[in-house]
Amino acid sequence: GGALRSAPHYRGTREFLTVQKGRVRVESGADTDELEAGDSASYRADVPHALVNAGRGEAVIILVDIYA
């Protein structure tokens, strides 16, 4: 699957993610979590972070960045 890898955003930035379809692995600094459809997460985006399609099919997400 595909991946969106990001450099750190401004200090204090967080991302809020909801998975609509598929499986997504969220990586934020040293933390990792795998989410499925219907799951949500909030994580630091002021460190290197990534969203990785962890399934075999399409993944659809809603992503919101909150800048502090």
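Analyst: E58 counts as exposed because its relative accessibility is 51%, where exposed means over 50% relative accessible area, buried under 20%, and partly exposed in between (1.4 Å probe, protein chains only). E58 forms a salt bridge with K21, and their closest N and O atoms are 3.1 Å apart. A salt bridge here is a side-chain nitrogen of Lys or Arg within 4 Å of a carboxyl oxygen of Asp or Glu. E58 sits in the loop between β6 and β7 while K21 belongs to strand β2 (residues 14-21), so the pair ties together parts that are 37 residues apart in sequence. Strands (E, at least two residues) are DSSP runs, numbered from the N terminus. K21 itself is partly exposed because its relative accessibility is 42%.

Before going on, please note that this is a predicted model: local features need pLDDT of at least 70, side-chain atom pairs count only at pLDDT 80 or more, and totals for chains, interfaces and linings use all residues. Residues are numbered from 1 along each chain as its sequence is written, and side-chain values use heavy atoms, with hydrogens and water left out.

A search of the whole structure finds five salt bridges. One of them joins R23 and E34, with 2.7 Å between the closest N and O atoms. This pair links distant parts of the chain, as R23 is in strand β3 (residues 23-28) and E34 in strand β4, 11 residues apart. Both partners are partly exposed: R23 at 33% relative accessibility, and E34 with a relative accessible area of 38%.

D46 and R44 also meet through their side chains in a salt bridge (2.8 Å, N to O). Here D46 is buried, with a relative accessible area of 17%, whereas R44 is partly exposed at 43%.

Now for a contact of another kind. N53 lies in strand β6 (residues 49-53) and counts as buried, at 17% relative accessibility. A polar atom of the N53 side chain is 2.9 Å from the backbone oxygen of G57.

Lastly, the surface. F16, I62, V64 and I66 make a nonpolar patch of about 330 Å². Patches are made of residues with over 30% relative accessible area and no salt bridge, joining like charges within 9 Å and nonpolar side chains (Val, Leu, Ile, Met, Phe, Trp, Tyr) within 5 Å. Strand β7 (residues 60-66) gives the most to this patch, with three residues. I62 lies in that strand and is partly exposed, at 47% relative accessibility.

Terms used
Helix = DSSP H or I, 4+ residues; strand = E, 2+ residues; numbered from the N terminus. Polar contact = N/O pair within 3.5 Å; in protein donor to acceptor, adjacent residues only side chain to side chain. Areas by Shrake-Rupley, 256 points an atom, 1.4 Å probe, with all protein chains shown as cover.
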